[in-house]
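Q: I am new to this structure. Please show me how to read its features, one at a time.

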Amino acid sequence: MTGQARSATAAALLDVRDLHVEFDTAEGVVRAVDGVSLTVDAGEALGVVGESGSGKSVTALALMGLLPTPPARVRAQRIRLGGIDLLRLDPEGMTRVRGQQVGFVFQDPLAALNPVMRIGRQISEVIEFHGDSSRPEAERFAIEWLGRVGIAAPSEVARTYPHQLSGGMRQRALIAMALAGEPDVLIADEPTTALDVTVQAQIVAMVRRLCDEMRMALIWISHDFGVVAGLADRVAVMRSGRVVETAPVRELYAAPREPYTRELVTLARSNEIERAHRT
Ligand SMILES: Nc1ncnc2c1ncn2[C@@H]1O[C@H](COP(=O)(O)OP(=O)(O)OP(=O)(O)O)[C@@H](O)[C@H]1O
Ligand SMILES: [Mg+2]
């Protein structure tokens, strides 16, 4: 070994350095993301928490090239995923990365699902696109996926349309669709916020279990520290477009350094107590 510097740590799966996003609006420039850096290792679950407007969604969308530019302006020192430099990819390459390496689940499943296509077919299309399954095989796998995300009677549900399902079922179907492409990382942006607490807890546990089984990394975005605490290995706390604190979840819970993190933890604790009293 010579005196040459070598990188001390193995490369992260996702490595983001100094991400900035601005929007040009009629009222002036909105600085939505202001120098965010984060890393996610293979198989790791990262929680991203922060109040409404702190830049969580814009960060996730910018990373994956999903923000229309203009009105957005995106720059970063580095955005790398699995060794690929996303800043240098053309739109076609970016679409390929999104289809093969990244799965997304957003808050509104109705917006993400095709209203006139049966649930099973939407999932089997992802499987066909991703691998070399025949259509009947893909349809069988789709039903398996619906079972794996905790849907009872999956063959029947596969034949339904999105509007025929409850909110929780739709969100599970959307998760099945995102996982069916076997991505390296799943990005979930407040997917359970609109659901009641019990369903939310079930879905959180299910996603965590499947990520572990598939050795898939997870980025779970939420304004609720309590949701993220039960799920993440590490948490990044965002405020006003910046990451103010990043630490393993236990550390943050036991000894938050930033006053803002302390507020979020206190709020999560009082919500827990309230929930315990209600049940
Ligand atoms: N298209 C846009 N044009 C102008 N400003 C925008 C646009 N999209 C987002 N913003 C602004 O960027 C900031 C960050 O928004 P973002 O949606 O990332 O917040 P968030 O943390 O996801 O909040 P929430 O918890 O409510 O989802 C906000 O001030 C928002 O108003
Ligand atoms: Mg958001």
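The dialogue below takes the features in turn.

Q: What kind of model is this?
A: This is a predicted model.

Q: Which residues surround ligand 1?
A: A residue is near a ligand if one of its heavy atoms lies within 4 Å of it. Here the shell around ligand 1 holds Phe 23, Thr 25, Ala 32, Glu 51, Ser 52, Gly 53, Ser 54, Gly 55, Lys 56, Ser 57, Val 58 and Glu 190. By type, the shell residues divide into three nonpolar, six polar and three charged.

Q: Which element gives the largest share of the shell around ligand 1?
A: Helix 1 does, with three residues. Helix 1 spans 56-63, and strand 1, at 14-25, also supplies at least two residues of the shell.

Q: Which atoms lie 2.8 Å from an oxygen atom of ligand 1?
A: Look for N or O atoms within 3.5 Å. A backbone N or O atom of Gly 53 lies 2.8 Å from a ligand oxygen. An N or O atom in the side chain of Ser 57 is also 2.8 Å from an oxygen atom of ligand 1. Glu 190 brings a polar side-chain atom to 3.4 Å from a ligand oxygen.

Q: How much of the accessible area of ligand 1 does the protein cover?
A: On its own, ligand 1 has 640 Å² of accessible area, and the protein covers 61% of that.

Q: Where is Glu 190 in the chain, and is Glu 190 buried or exposed?
A: Glu 190 sits in the loop between strand 8 (185-189) and helix 8 (197-214). Buried means under 20% relative accessible area. Glu 190 has 9% relative accessibility, so Glu 190 counts as buried.

Q: What is the phi of Glu 190?
A: Start with the general idea. Most residues other than glycine have a negative phi. Glu 190 has a phi near 45°, a positive value. Arg 215 also has a positive phi, near 50°. Arg 215 lies in the loop between helix 8 and strand 9 (217-222). At 65% relative accessibility, Arg 215 counts as exposed.

Q: Where do I find cis peptide bonds?
A: Again, the general idea comes first. Most peptide bonds are trans. In this model a cis bond joins Thr 69 and Pro 70, with omega about -5°. Another cis bond joins Pro 70 and Pro 71, with omega about 10°. Pro 70 lies in the loop between helix 1 and strand 4 (72-75). Pro 71 is found in that loop between helix 1 and strand 4 too.

Q: How many aromatic pairs does a search of the whole structure find?
A: First, how to describe one. A pair of aromatic rings is described by the distance of the centres and the angle of the planes. The search of the whole structure finds two pairs. Phe 104 and Phe 106 form a stacked pair, 5.6 Å centre to centre with 15° between the planes. Phe 104 is buried, at 18% relative accessibility. Phe 106 is partly exposed, at 27%. Phe 225 and Tyr 253 have ring centres 5.5 Å apart and planes at 10°, so this pair is stacked.

Q: Why does the pair of Phe 225 and Tyr 253 tie together separate parts of the sequence?
A: Phe 225 belongs to helix 9 (residues 225-229) and Tyr 253 to helix 10 (residues 249-254), so the pair links parts that are 28 residues apart in sequence. Phe 225 is buried, with a relative accessible area of 1%.

Q: Which charged end sits over the ring of Tyr 253?
A: That of Arg 269, at 4.8 Å from the ring centre. Elsewhere, the charged end of Arg 148 sits over the ring of Trp 145, 4.4 Å from its centre.

Q: What does the side chain of Glu 44 contact?
A: The side chain of Glu 44 reaches the backbone nitrogen of Asp 41 at 3.0 Å. The side chain of Glu 44 also makes a polar contact with the side chain of Arg 234, at 2.7 Å. Glu 44 is found in the loop between strand 2 and strand 3 (45-49). Glu 44 is buried, with a relative accessible area of 12%.

Q: How far apart in space are Val 40 and Pro 68?
A: Sequence distance and space distance are read separately. Val 40 and Pro 68 are 28 residues apart in sequence and 25 Å apart in space, C-alpha to C-alpha. Val 40 lies in strand 2 (residues 28-40) and is buried, with a relative accessible area of 0%.

Notes. Residues numbered from 1 in each chain as written. Chains lettered and ligands numbered in written order. Predicted model: local features only at pLDDT ≥ 70, side-chain atom pairs only at ≥ 80, totals over all residues. Heavy atoms only, no water. Polar contact = N/O pair within 3.5 Å; in protein donor to acceptor, adjacent residues only side chain to side chain. Areas by Shrake-Rupley, 256 points an atom, 1.4 Å probe, with all protein chains shown as cover. Helix = DSSP H or I, 4+ residues; strand = E, 2+ residues; numbered from the N terminus. Nonpolar A, V, L, I, M, F, W, Y, C, P; charged D, E, K, R; others polar. Phe/Tyr/Trp six-rings, centres within 6.5 Å; stacked < 30°, edge-to-face > 60°. Buried < 20%, exposed > 50% of the residue type's maximum accessible area, 1.4 Å probe, protein only. Lys NZ or Arg CZ within 6 Å of the ring centre and 35° of its normal.
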